[in-house]
Amino acid sequence: MQKLFYPAVFHTAEEGGFWITFPDLPECMTQGDDMQNAYEMAVDALGLAITSRKKEGQKIPAPSQPYEIMLSSGECCVIVEFDMLAYQKRTNSKAVKKTLTIPEWLNEEALSLGLNFSQVLQEALLQKINASL
């Protein structure tokens, strides 16, 4: 589950802007002052809903097909993209300590180059994760 695409209903608000609902995630609602702000808020709300469900061990529903969404006047269906990896990077930067073992010669070479072990490990892990997508 790296990228998900969910239909959202953008409802025109009387005072201007939009309020947004997700037919597949009834607990997920937000609003925005204009289309761009509303879309950005929808991405954040979708991320919060999905990660909350995941954390609580709840099922992540399959997204509905956009043509299945019934709309009323003043509403439009917008597909909202959610990138789990990008969301986690942006919202969860808590550091965790890891103990690891490397060969002595590799340690000495890295030290002589002034490498930051944490940074190198993070970059290598991100490269592996992105390669597996």
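**Entry 1: Arg53**

I looked up the contacts of Arg53, contact meaning heavy atoms within 4.5 Å. Not counting residues up to four places away in sequence, Arg53 touches Asp24, Leu25, Pro26, Glu27, Gln58, Lys59, Ile60 and Pro61. I found Arg53 in helix H1; helices (H or I, at least four residues) and strands (E, at least two) are DSSP runs, numbered from the N terminus. Arg53 counts as buried because its relative accessibility is 15%; buried means under 20% relative accessible area, exposed over 50%, and partly exposed in between, with a 1.4 Å probe and protein chains only.

I note the basis of these entries: the model is predicted, local features need pLDDT of at least 70, side-chain atom pairs count only at pLDDT 80 or more, and totals for chains, interfaces and linings use all residues. Residues are numbered from 1 along each chain as its sequence is written, and side-chain values use heavy atoms, with hydrogens and water left out.

**Entry 2: the sheet**

I traced an open sheet of four strands in the order E3-E2-E1-E4, with antiparallel pairing; two strands pair if DSSP finds at least two bridges between them. The edge strands are E3 (29-32) and E4, each of which pairs on one side only. On average, neighbouring strands of this sheet are turned by 30° against each other, direction ignored. Axes here are lines fitted to C-alpha atoms, for helices over the stretch in contact, and angles run from 0 to 180 degrees between N-to-C directions.

I then followed strand E1 (residues 3-12). Four bridges join E1 to strand E2 (residues 18-21), and the two run antiparallel. Across this pairing, His11 stands opposite Trp19 in E2, and Thr12 stands opposite Phe18 in E2. E1 and E2 form a hairpin with five residues between them. In the turn, Gly16 has a positive phi of about 105°.

E1 also pairs with E4, in the antiparallel sense, over nine bridges. There the bridge partner of Lys3 is Asp83 in E4. I recorded E1 as mostly covered, since seven of its ten residues are buried. Helix H1 lies across E1, E2, E3 and E4, running at about 55° to E4.

**Entry 3: helix H2**

I listed Met84, Leu85 and Tyr87 as buried in helix H2 (residues 84-91). Seen down the axis of H2, its buried residues fall within an arc of 165°, so they line one face of the helix; the arc is that of the directions from the helix axis to the C-beta atoms. These buried residues pack against helix H1 (35-55), strand E4 (75-83) and helix H4 (117-132).

Asp83, the partner of Lys3 noted above, caps the N-terminal end of H2. A side-chain oxygen of Asp83 lies 3.2 Å from the backbone nitrogen of Ala86. A polar contact is a pair of N or O atoms within 3.5 Å; within protein, one must be able to donate a hydrogen and the other to accept it, and residues adjacent in sequence count only if both atoms are side-chain atoms.

I examined Tyr87 of H2 separately. Tyr87 is buried, with a relative accessible area of 10%. Leaving aside neighbours within four places in sequence, Tyr87 is in contact with Asp44, Gly47, Leu48, Thr51 and Phe82. The C-alpha atoms of Tyr87 and Leu48 are separated by 9.1 Å, although the two are 39 residues apart along the chain.

**Entry 4: the cysteines**

I searched for disulfides, a disulfide being a pair of cysteine sulfur atoms within 2.5 Å, and the count came to zero. Cys76 is in no disulfide, the nearest cysteine sulfur being that of Cys77, 7.8 Å away. From the side of Cys77, the closest cysteine sulfur is in Cys76, and the 7.8 Å between them is too far for a bond. Cys76 counts as partly exposed at 28% relative accessibility; Cys77 is partly exposed too, with a relative accessible area of 26%.

I placed Cys76 in strand E4. Not counting residues up to four places away in sequence, Cys76 touches Ala8, Val9, Phe10 and Leu71.
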